[in-house]
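Visitor: I would like a short tour of this model. Please keep the answers brisk.

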Amino acid sequence: MRRMTPLDAAWLTVDSRDTPMHVATLAILSKPKNASPTYLQDLVKEFQGARSFVPPWNLRIRQSPLKNVLPVVEEIHDIDMEYHVRHSALPHPGGERELGVLVSRLHAHQLDLSRPLWECHIIEGLENDRFALYTKMHHALIDGVAGVRILQQSFSENPRERNMVPPWSKRAATQARRERTHEDAAFSPTGWAQHALASTRSRARSVAGLGKTLAHLVGASGNRENALTSPYDSPKSVLNKRVSPPRRFGTQQYELERLKKICKAADVTLNDVVLCICGAALRRFLLESNALPDKPLTAGIPVSVRPAGDVQVGTAISFILSTLGTDIADPILRLKAIHASTEKAKAELQALTRKQIDAYTLMVMGPFIGSLVTGLGGRTRPVFNLTISNVPGPQKPLYFNGARMEGIFPVSLVAHGQALNITCLSYAGKLNFGFTAARDTLPHMQRLSVYTGEALDELESLIVSKSATKTTAPRKRNTA
(Lines give C-alpha, C1' and ligand atoms only; values in the text may rest on other atoms or scores of the structure.)
Protein backbone atom coordinates (compact mmCIF):
# COMPACT_ATOMS: atom_id res chain seq x y z
CA MET A 1 0.00 0.00 0.00
CA ARG A 2 1.08 3.58 -0.58
CA ARG A 3 -0.43 6.92 0.35
CA MET A 4 -1.04 9.48 -2.37
CA THR A 5 0.64 12.86 -2.38
CA PRO A 6 -1.67 15.86 -1.81
CA LEU A 7 -1.57 16.80 -5.51
CA ASP A 8 -2.34 13.25 -6.67
CA ALA A 9 -5.15 12.99 -4.11
CA ALA A 10 -6.60 16.27 -5.40
CA TRP A 11 -7.15 14.78 -8.87
CA LEU A 12 -9.07 11.95 -7.24
CA THR A 13 -11.11 14.26 -5.03
CA VAL A 14 -12.46 16.39 -7.90
CA ASP A 15 -13.29 13.43 -10.14
CA SER A 16 -16.98 13.61 -11.02
CA ARG A 17 -19.45 12.71 -13.76
CA ASP A 18 -19.03 16.17 -15.32
CA THR A 19 -15.26 16.28 -14.82
CA PRO A 20 -13.67 12.81 -15.02
CA MET A 21 -9.99 13.19 -14.17
CA HIS A 22 -8.35 10.75 -16.55
CA VAL A 23 -5.85 11.28 -19.36
CA ALA A 24 -5.37 9.08 -22.40
CA THR A 25 -3.38 8.34 -25.52
CA LEU A 26 -4.69 7.40 -28.95
CA ALA A 27 -2.15 5.34 -30.89
CA ILE A 28 -2.70 4.61 -34.59
CA LEU A 29 -1.05 1.40 -35.80
CA SER A 30 -0.67 -0.43 -39.10
CA LYS A 31 -1.05 -4.19 -39.05
CA PRO A 32 2.12 -6.12 -39.83
CA LYS A 33 2.53 -7.53 -43.33
CA ASN A 34 0.78 -10.86 -43.88
CA ALA A 35 -1.28 -10.40 -40.71
CA SER A 36 -3.86 -13.16 -40.28
CA PRO A 37 -7.59 -12.41 -40.69
CA THR A 38 -7.98 -12.91 -36.93
CA TYR A 39 -5.06 -10.63 -36.02
CA LEU A 40 -7.08 -8.18 -33.91
CA GLN A 41 -9.20 -10.86 -32.26
CA ASP A 42 -5.98 -12.63 -31.28
CA LEU A 43 -4.57 -9.35 -29.95
CA VAL A 44 -7.65 -8.83 -27.78
CA LYS A 45 -7.33 -12.36 -26.38
CA GLU A 46 -3.64 -11.80 -25.69
CA PHE A 47 -4.30 -8.52 -23.88
CA GLN A 48 -7.16 -10.00 -21.88
CA GLY A 49 -5.17 -13.13 -21.06
CA ALA A 50 -2.60 -11.33 -18.90
CA ARG A 51 -2.27 -12.78 -15.41
CA SER A 52 0.73 -10.91 -14.02
CA PHE A 53 0.55 -7.17 -13.41
CA VAL A 54 2.82 -4.30 -12.42
CA PRO A 55 2.12 -0.79 -11.09
CA PRO A 56 0.38 1.42 -11.94
CA TRP A 57 -1.87 -1.03 -13.80
CA ASN A 58 -2.70 -3.11 -10.72
CA LEU A 59 -3.30 -0.25 -8.28
CA ARG A 60 -6.74 0.25 -6.77
CA ILE A 61 -8.06 2.82 -4.30
CA ARG A 62 -8.42 1.12 -0.96
CA GLN A 63 -11.99 1.39 0.22
CA SER A 64 -12.28 3.18 3.57
CA PRO A 65 -14.39 5.92 5.21
CA LEU A 66 -11.50 8.38 4.66
CA LYS A 67 -10.64 7.36 1.10
CA ASN A 68 -11.38 10.85 -0.27
CA VAL A 69 -9.47 12.60 2.52
CA LEU A 70 -6.49 10.27 2.96
CA PRO A 71 -6.53 8.07 -0.18
CA VAL A 72 -4.38 4.96 -0.17
CA VAL A 73 -3.71 2.76 -3.18
CA GLU A 74 -3.06 -0.95 -2.89
CA GLU A 75 -1.68 -3.52 -5.31
CA ILE A 76 -4.06 -6.29 -6.37
CA HIS A 77 -3.41 -9.37 -8.49
CA ASP A 78 -6.91 -10.50 -9.45
CA ILE A 79 -8.08 -8.17 -12.23
CA ASP A 80 -11.09 -8.64 -14.52
CA MET A 81 -9.26 -8.13 -17.80
CA GLU A 82 -12.40 -8.52 -19.91
CA TYR A 83 -13.63 -5.34 -18.21
CA HIS A 84 -10.39 -3.40 -18.65
CA VAL A 85 -9.56 -4.48 -22.23
CA ARG A 86 -12.38 -3.86 -24.70
CA HIS A 87 -12.88 -4.42 -28.42
CA SER A 88 -14.64 -1.82 -30.58
CA ALA A 89 -15.18 -1.26 -34.30
CA LEU A 90 -15.67 1.88 -36.35
CA PRO A 91 -18.57 2.33 -38.80
CA HIS A 92 -17.72 2.68 -42.49
CA PRO A 93 -15.71 4.42 -43.88
CA GLY A 94 -13.54 4.29 -40.75
CA GLY A 95 -11.95 7.69 -41.22
CA GLU A 96 -10.65 10.31 -38.81
CA ARG A 97 -14.16 11.64 -38.20
CA GLU A 98 -15.56 8.26 -37.13
CA LEU A 99 -12.54 7.66 -34.90
CA GLY A 100 -12.86 11.11 -33.33
CA VAL A 101 -16.53 10.54 -32.53
CA LEU A 102 -15.81 7.21 -30.82
CA VAL A 103 -12.85 8.55 -28.81
CA SER A 104 -14.93 11.57 -27.72
CA ARG A 105 -17.59 9.22 -26.37
CA LEU A 106 -15.12 6.89 -24.64
CA HIS A 107 -13.31 9.81 -23.04
CA ALA A 108 -16.51 11.23 -21.56
CA HIS A 109 -17.09 8.28 -19.22
CA GLN A 110 -15.65 8.11 -15.72
CA LEU A 111 -13.35 5.34 -14.66
CA ASP A 112 -14.71 2.94 -12.06
CA LEU A 113 -12.90 3.98 -8.86
CA SER A 114 -13.52 0.59 -7.27
CA ARG A 115 -11.26 -1.06 -9.89
CA PRO A 116 -7.72 -0.39 -11.12
CA LEU A 117 -7.90 3.06 -12.68
CA TRP A 118 -7.44 2.34 -16.40
CA GLU A 119 -9.06 1.00 -19.57
CA CYS A 120 -7.66 -0.06 -22.95
CA HIS A 121 -9.83 -0.09 -26.09
CA ILE A 122 -8.67 -1.91 -29.22
CA ILE A 123 -10.46 -0.25 -32.15
CA GLU A 124 -10.66 -1.95 -35.54
CA GLY A 125 -12.11 -0.73 -38.84
CA LEU A 126 -9.75 2.20 -39.39
CA GLU A 127 -9.18 2.84 -43.08
CA ASN A 128 -6.03 1.63 -44.86
CA ASP A 129 -5.90 -1.57 -42.80
CA ARG A 130 -5.05 0.23 -39.57
CA PHE A 131 -6.32 -0.02 -36.01
CA ALA A 132 -6.15 2.14 -32.90
CA LEU A 133 -5.38 1.73 -29.22
CA TYR A 134 -7.16 4.16 -26.91
CA THR A 135 -5.76 3.80 -23.39
CA LYS A 136 -6.87 5.96 -20.48
CA MET A 137 -5.65 6.14 -16.89
CA HIS A 138 -6.54 8.33 -13.93
CA HIS A 139 -4.42 11.46 -13.59
CA ALA A 140 -3.90 10.62 -9.89
CA LEU A 141 -1.63 7.77 -11.04
CA ILE A 142 0.20 9.18 -14.02
CA ASP A 143 1.26 12.33 -15.85
CA GLY A 144 2.15 12.85 -19.49
CA VAL A 145 5.90 12.34 -19.21
CA ALA A 146 5.55 9.10 -17.21
CA GLY A 147 2.93 7.88 -19.67
CA VAL A 148 5.27 8.40 -22.63
CA ARG A 149 8.11 6.61 -20.84
CA ILE A 150 5.88 3.60 -20.12
CA LEU A 151 4.84 3.64 -23.78
CA GLN A 152 8.45 3.63 -24.99
CA GLN A 153 9.30 0.70 -22.74
CA SER A 154 6.26 -1.25 -23.96
CA PHE A 155 7.10 -0.89 -27.66
CA SER A 156 10.24 -1.68 -29.62
CA GLU A 157 12.31 0.08 -32.28
CA ASN A 158 12.83 -3.31 -33.93
CA PRO A 159 10.02 -4.19 -36.40
CA ARG A 160 11.03 -7.87 -36.27
CA GLU A 161 10.76 -8.26 -32.50
CA ARG A 162 8.01 -10.64 -31.41
CA ASN A 163 6.67 -12.17 -28.18
CA MET A 164 6.19 -8.71 -26.71
CA VAL A 165 3.76 -8.32 -23.81
CA PRO A 166 1.33 -5.48 -23.04
CA PRO A 167 2.52 -2.70 -20.70
CA TRP A 168 0.59 -3.97 -17.66
CA SER A 169 2.61 -7.21 -17.75
CA LYS A 170 6.06 -5.71 -18.25
CA ARG A 171 8.07 -4.12 -15.49
CA ALA A 172 9.97 -1.12 -16.78
CA ALA A 173 13.63 -2.01 -17.18
CA THR A 174 14.68 1.45 -16.03
CA GLN A 175 12.24 1.70 -13.14
CA ALA A 176 14.07 3.45 -10.33
CA ARG A 177 14.93 1.28 -7.35
CA ARG A 178 13.72 2.65 -4.07
CA GLU A 179 16.80 3.60 -2.11
CA ARG A 180 17.02 4.37 1.59
CA THR A 181 16.19 8.06 1.92
CA HIS A 182 16.51 10.73 4.58
CA GLU A 183 12.81 10.24 5.30
CA ASP A 184 13.43 6.54 5.99
CA ALA A 185 16.30 7.41 8.29
CA ALA A 186 14.08 9.80 10.20
CA PHE A 187 12.16 6.85 11.66
CA SER A 188 15.26 5.44 13.35
CA PRO A 189 15.94 6.57 16.95
CA THR A 190 19.35 7.98 16.05
CA GLY A 191 18.24 9.85 12.97
CA TRP A 192 15.00 11.45 14.11
CA ALA A 193 16.42 14.57 15.78
CA GLN A 194 18.88 15.35 12.98
CA HIS A 195 16.22 14.89 10.33
CA ALA A 196 13.75 17.11 12.18
CA LEU A 197 16.31 19.92 12.50
CA ALA A 198 17.37 19.66 8.84
CA SER A 199 13.73 19.62 7.75
CA THR A 200 12.97 22.76 9.75
CA ARG A 201 15.91 24.62 8.21
CA SER A 202 14.98 23.42 4.72
CA ARG A 203 11.39 24.61 5.09
CA ALA A 204 12.56 28.00 6.32
CA ARG A 205 14.74 28.42 3.23
CA SER A 206 11.89 27.21 1.00
CA VAL A 207 9.47 29.74 2.43
CA ALA A 208 11.97 32.56 1.93
CA GLY A 209 12.69 31.68 -1.70
CA LEU A 210 9.05 31.00 -2.50
CA GLY A 211 7.99 34.32 -0.98
CA LYS A 212 10.24 36.17 -3.42
CA THR A 213 8.68 34.41 -6.41
CA LEU A 214 5.14 35.05 -5.17
CA ALA A 215 6.00 38.73 -4.65
CA HIS A 216 7.10 38.90 -8.29
CA LEU A 217 3.83 37.29 -9.43
CA VAL A 218 1.74 39.70 -7.37
CA GLY A 219 3.75 42.66 -8.66
CA ALA A 220 3.17 41.59 -12.27
CA SER A 221 -0.61 41.32 -11.84
CA GLY A 222 -2.38 43.91 -13.95
CA ASN A 223 0.91 45.35 -15.23
CA ARG A 224 0.78 45.13 -19.02
CA GLU A 225 4.42 46.25 -19.26
CA ASN A 226 5.63 43.28 -17.20
CA ALA A 227 6.19 40.11 -19.26
CA LEU A 228 5.53 37.86 -16.25
CA THR A 229 2.02 36.39 -16.27
CA SER A 230 0.29 36.08 -12.88
CA PRO A 231 -2.42 33.68 -11.70
CA TYR A 232 -5.93 35.13 -11.90
CA ASP A 233 -4.70 37.89 -14.23
CA SER A 234 -6.76 36.25 -16.97
CA PRO A 235 -9.94 37.52 -18.63
CA LYS A 236 -13.22 35.68 -18.37
CA SER A 237 -14.04 33.92 -21.63
CA VAL A 238 -16.26 31.23 -23.13
CA LEU A 239 -13.48 28.78 -22.34
CA ASN A 240 -14.00 29.28 -18.62
CA LYS A 241 -17.61 28.26 -18.08
CA ARG A 242 -19.20 25.22 -16.45
CA VAL A 243 -18.90 21.96 -18.39
CA SER A 244 -21.09 18.89 -18.88
CA PRO A 245 -20.00 15.28 -19.58
CA PRO A 246 -19.93 15.13 -23.43
CA ARG A 247 -16.48 15.64 -24.93
CA ARG A 248 -15.15 16.67 -28.32
CA PHE A 249 -11.77 15.49 -29.59
CA GLY A 250 -9.75 16.63 -32.59
CA THR A 251 -6.23 16.10 -33.91
CA GLN A 252 -3.59 17.72 -36.09
CA GLN A 253 -0.17 16.49 -37.15
CA TYR A 254 2.74 18.60 -38.42
CA GLU A 255 6.30 17.91 -39.48
CA LEU A 256 8.48 18.79 -36.50
CA GLU A 257 11.14 20.20 -38.80
CA ARG A 258 8.75 22.97 -39.93
CA LEU A 259 8.41 24.26 -36.39
CA LYS A 260 12.13 23.90 -35.70
CA LYS A 261 12.96 26.10 -38.70
CA ILE A 262 10.74 28.82 -37.23
CA CYS A 263 12.46 28.41 -33.86
CA LYS A 264 15.88 28.83 -35.44
CA ALA A 265 14.92 31.80 -37.60
CA ALA A 266 13.16 33.66 -34.75
CA ASP A 267 15.50 32.50 -31.94
CA VAL A 268 12.63 31.12 -29.83
CA THR A 269 11.73 27.73 -28.37
CA LEU A 270 9.44 25.05 -29.74
CA ASN A 271 6.99 25.77 -26.91
CA ASP A 272 6.90 29.43 -27.96
CA VAL A 273 5.91 28.48 -31.52
CA VAL A 274 3.23 26.06 -30.25
CA LEU A 275 1.77 28.76 -27.98
CA CYS A 276 1.88 31.31 -30.82
CA ILE A 277 -0.09 29.22 -33.32
CA CYS A 278 -2.56 28.18 -30.60
CA GLY A 279 -2.99 31.85 -29.67
CA ALA A 280 -3.61 32.74 -33.32
CA ALA A 281 -6.19 29.96 -33.68
CA LEU A 282 -7.99 31.02 -30.48
CA ARG A 283 -7.98 34.67 -31.54
CA ARG A 284 -9.64 33.80 -34.87
CA PHE A 285 -12.05 31.31 -33.25
CA LEU A 286 -13.26 33.85 -30.67
CA LEU A 287 -13.39 36.76 -33.14
CA GLU A 288 -15.79 34.78 -35.33
CA SER A 289 -18.26 34.53 -32.45
CA ASN A 290 -17.60 38.07 -31.20
CA ALA A 291 -16.24 36.63 -27.94
CA LEU A 292 -12.61 37.74 -27.92
CA PRO A 293 -11.67 39.44 -24.62
CA ASP A 294 -9.71 42.71 -24.70
CA LYS A 295 -7.06 41.24 -22.39
CA PRO A 296 -4.93 38.40 -23.77
CA LEU A 297 -5.85 34.84 -22.90
CA THR A 298 -3.34 33.02 -20.71
CA ALA A 299 -2.13 29.43 -20.74
CA GLY A 300 -1.10 27.17 -17.89
CA ILE A 301 1.87 25.15 -19.14
CA PRO A 302 2.73 21.93 -17.26
CA VAL A 303 6.46 21.55 -16.60
CA SER A 304 7.83 18.13 -15.70
CA VAL A 305 9.98 17.90 -12.58
CA ARG A 306 10.35 14.13 -12.99
CA PRO A 307 13.95 12.84 -12.92
CA ALA A 308 15.27 11.13 -16.05
CA GLY A 309 14.28 7.45 -16.17
CA ASP A 310 11.63 7.82 -13.46
CA VAL A 311 8.30 6.08 -14.25
CA GLN A 312 7.03 5.95 -10.69
CA VAL A 313 3.34 6.23 -9.84
CA GLY A 314 1.82 9.69 -9.48
CA THR A 315 2.27 13.10 -11.04
CA ALA A 316 5.49 15.11 -11.03
CA ILE A 317 4.61 18.42 -12.63
CA SER A 318 4.56 22.10 -11.91
CA PHE A 319 3.10 24.97 -13.93
CA ILE A 320 4.31 28.16 -15.54
CA LEU A 321 1.92 30.76 -16.92
CA SER A 322 2.21 32.60 -20.24
CA THR A 323 0.29 35.07 -22.30
CA LEU A 324 -1.10 33.81 -25.62
CA GLY A 325 -1.01 37.24 -27.24
CA THR A 326 -4.61 36.99 -28.43
CA ASP A 327 -4.84 40.78 -28.24
CA ILE A 328 -2.08 41.09 -30.88
CA ALA A 329 -3.00 40.79 -34.57
CA ASP A 330 0.57 40.64 -35.90
CA PRO A 331 1.96 37.05 -35.69
CA ILE A 332 5.58 38.13 -35.24
CA LEU A 333 4.75 40.57 -32.43
CA ARG A 334 2.61 37.88 -30.81
CA LEU A 335 5.53 35.43 -30.92
CA LYS A 336 7.84 38.02 -29.33
CA ALA A 337 5.35 38.70 -26.52
CA ILE A 338 4.96 34.98 -25.83
CA HIS A 339 8.73 34.41 -25.84
CA ALA A 340 9.25 37.23 -23.33
CA SER A 341 6.49 35.82 -21.11
CA THR A 342 7.76 32.22 -21.09
CA GLU A 343 11.39 33.26 -20.53
CA LYS A 344 10.37 35.30 -17.50
CA ALA A 345 8.22 32.49 -16.11
CA LYS A 346 10.94 29.86 -16.58
CA ALA A 347 13.50 32.07 -14.86
CA GLU A 348 11.23 32.39 -11.82
CA LEU A 349 10.65 28.62 -11.64
CA GLN A 350 14.32 27.74 -12.13
CA ALA A 351 15.24 29.93 -9.16
CA LEU A 352 13.29 27.58 -6.85
CA THR A 353 14.42 24.34 -5.22
CA ARG A 354 12.41 21.15 -5.71
CA LYS A 355 10.65 21.63 -2.35
CA GLN A 356 9.86 25.23 -3.23
CA ILE A 357 8.49 24.09 -6.59
CA ASP A 358 6.19 21.60 -4.84
CA ALA A 359 4.93 24.36 -2.53
CA TYR A 360 4.55 26.80 -5.42
CA THR A 361 2.55 24.23 -7.44
CA LEU A 362 0.17 23.66 -4.54
CA MET A 363 -0.27 27.41 -4.03
CA VAL A 364 -1.03 27.99 -7.72
CA MET A 365 -3.17 24.90 -8.28
CA GLY A 366 -4.73 24.79 -4.81
CA PRO A 367 -7.32 27.49 -5.54
CA PHE A 368 -8.15 25.81 -8.87
CA ILE A 369 -8.69 22.43 -7.18
CA GLY A 370 -10.58 24.18 -4.36
CA SER A 371 -12.94 25.83 -6.85
CA LEU A 372 -13.82 22.41 -8.27
CA VAL A 373 -14.39 20.90 -4.82
CA THR A 374 -16.59 23.80 -3.67
CA GLY A 375 -18.54 24.09 -6.93
CA LEU A 376 -17.12 27.53 -7.79
CA GLY A 377 -15.25 26.31 -10.86
CA GLY A 378 -16.50 28.12 -13.95
CA ARG A 379 -18.21 30.76 -11.81
CA THR A 380 -15.19 32.82 -10.76
CA ARG A 381 -12.21 34.39 -12.51
CA PRO A 382 -9.96 31.62 -13.89
CA VAL A 383 -6.42 30.99 -12.65
CA PHE A 384 -5.55 30.77 -16.37
CA ASN A 385 -7.76 30.31 -19.42
CA LEU A 386 -6.62 26.92 -20.68
CA THR A 387 -3.87 24.34 -20.42
CA ILE A 388 -1.41 23.92 -23.29
CA SER A 389 1.32 21.31 -22.88
CA ASN A 390 4.06 19.84 -25.04
CA VAL A 391 5.36 16.39 -24.11
CA PRO A 392 8.55 15.11 -25.76
CA GLY A 393 8.12 11.64 -27.17
CA PRO A 394 10.19 8.98 -28.97
CA GLN A 395 11.83 10.20 -32.16
CA LYS A 396 12.21 6.78 -33.81
CA PRO A 397 9.29 4.66 -35.13
CA LEU A 398 8.00 2.12 -32.59
CA TYR A 399 6.49 -1.32 -33.12
CA PHE A 400 4.45 -3.81 -31.15
CA ASN A 401 4.91 -7.36 -32.42
CA GLY A 402 5.45 -6.04 -35.94
CA ALA A 403 2.60 -3.49 -35.94
CA ARG A 404 4.05 -0.05 -36.69
CA MET A 405 2.79 2.91 -34.68
CA GLU A 406 2.01 5.57 -37.30
CA GLY A 407 1.04 8.30 -34.84
CA ILE A 408 0.11 8.93 -31.24
CA PHE A 409 -2.16 11.68 -29.96
CA PRO A 410 -2.72 12.85 -26.36
CA VAL A 411 -6.30 13.05 -25.03
CA SER A 412 -6.38 15.19 -21.92
CA LEU A 413 -8.86 16.33 -19.30
CA VAL A 414 -11.10 19.39 -18.99
CA ALA A 415 -12.87 20.76 -15.92
CA HIS A 416 -15.26 23.45 -14.77
CA GLY A 417 -13.65 26.73 -15.77
CA GLN A 418 -11.26 24.92 -18.14
CA ALA A 419 -13.34 23.77 -21.13
CA LEU A 420 -10.38 23.34 -23.51
CA ASN A 421 -7.07 21.52 -23.30
CA ILE A 422 -4.43 21.42 -26.05
CA THR A 423 -1.65 18.86 -25.64
CA CYS A 424 1.16 18.10 -28.09
CA LEU A 425 3.28 14.97 -28.31
CA SER A 426 6.29 14.61 -30.58
CA TYR A 427 6.88 11.27 -32.28
CA ALA A 428 9.11 10.12 -35.15
CA GLY A 429 9.71 13.57 -36.61
CA LYS A 430 6.15 14.82 -36.21
CA LEU A 431 4.33 16.94 -33.66
CA ASN A 432 0.88 15.53 -32.86
CA PHE A 433 -1.78 17.86 -31.42
CA GLY A 434 -4.70 16.61 -29.36
CA PHE A 435 -7.58 19.07 -28.81
CA THR A 436 -9.92 18.02 -25.98
CA ALA A 437 -12.97 20.14 -25.16
CA ALA A 438 -16.33 20.12 -23.43
CA ARG A 439 -18.73 19.62 -26.33
CA ASP A 440 -21.63 21.69 -25.02
CA THR A 441 -19.36 24.61 -24.10
CA LEU A 442 -17.38 24.63 -27.37
CA PRO A 443 -19.61 22.91 -29.96
CA HIS A 444 -17.45 23.92 -32.95
CA MET A 445 -14.08 23.12 -31.41
CA GLN A 446 -12.81 21.30 -34.54
CA ARG A 447 -12.35 24.67 -36.22
CA LEU A 448 -9.53 25.36 -33.78
CA SER A 449 -7.47 22.48 -35.14
CA VAL A 450 -7.88 23.76 -38.69
CA TYR A 451 -7.01 27.32 -37.67
CA THR A 452 -3.87 26.07 -35.91
CA GLY A 453 -2.59 24.66 -39.20
CA GLU A 454 -3.33 27.88 -41.05
CA ALA A 455 -1.59 29.88 -38.31
CA LEU A 456 1.49 27.69 -38.74
CA ASP A 457 1.45 28.32 -42.49
CA GLU A 458 1.28 32.08 -41.89
CA LEU A 459 4.06 32.13 -39.30
CA GLU A 460 6.24 29.99 -41.53
CA SER A 461 5.78 32.28 -44.52
CA LEU A 462 6.52 35.40 -42.47
CA ILE A 463 9.59 34.13 -40.61
CA VAL A 464 11.21 31.23 -42.47
CA SER A 465 10.67 32.58 -45.99
CA LYS A 466 11.89 36.04 -44.99
CA SER A 467 14.95 34.54 -43.30
CA ALA A 468 15.75 32.47 -46.40
CA THR A 469 15.39 35.54 -48.62
CA LYS A 470 17.86 37.50 -46.48
CA THR A 471 20.33 34.61 -46.57
CA THR A 472 20.24 34.16 -50.35
CA ALA A 473 20.01 37.83 -51.34
CA PRO A 474 23.14 38.91 -53.28
CA ARG A 475 25.35 41.47 -51.61
CA LYS A 476 25.76 44.83 -53.28
CA ARG A 477 29.27 45.60 -54.36
CA ASN A 478 30.92 48.66 -52.94
CA THR A 479 32.09 50.56 -56.02
CA ALA A 480 33.20 53.66 -54.17
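This is a predicted model: local features need pLDDT of at least 70, side-chain atom pairs count only at pLDDT 80 or more; totals for chains, interfaces and linings use all residues.

Visitor: How many helices and strands does the chain have?
Guide: Both kinds of element occur in the chain. The count is twelve helices and 15 strands.

Visitor: What percentage of the 480 residues is buried?
Guide: Buried means under 20% relative accessible area. Of the 480 residues in the chain, the buried share is 51%.

Visitor: Are the rings of Trp118 and Trp168 stacked or edge-to-face?
Guide: The structure holds ten aromatic pairs. In this one, the ring centres lie 4.7 Å apart. Planes under 30 degrees apart count as stacked. The planes here meet at 25°, so the pair is stacked.

Visitor: Where in the chain do tryptophan 118 and tryptophan 168 lie, and how many residues apart?
Guide: Tryptophan 118 is in strand S6. Tryptophan 168 is in the loop between helix H5 and helix H6. The pair links distant parts of the chain, 50 residues apart.

Visitor: Is tryptophan 118 buried or exposed?
Guide: The cut-off for buried is under 20%. Tryptophan 118 has 1% relative accessibility, so it counts as buried.

Visitor: Which arginine has its charged end over the ring of tyrosine 451?
Guide: The charged end sits 3.9 Å from the ring centre of tyrosine 451. It belongs to arginine 284.

Conventions: Residues are numbered from 1 along each chain as its sequence is written. Side-chain values use heavy atoms; hydrogens and water are left out. Helices (H or I, at least four residues) and strands (E, at least two) are DSSP runs, numbered from the N terminus. Buried means under 20% relative accessible area, exposed over 50%, partly exposed in between (1.4 Å probe, protein chains only). Rings of Phe, Tyr and Trp (its six-membered ring) pair if their centres lie within 6.5 Å; planes under 30 degrees apart count as stacked, over 60 as edge-to-face and the rest as tilted. A charge sits over a ring if NZ of Lys or CZ of Arg is within 6 Å of the ring centre and within 35 degrees of the ring normal.
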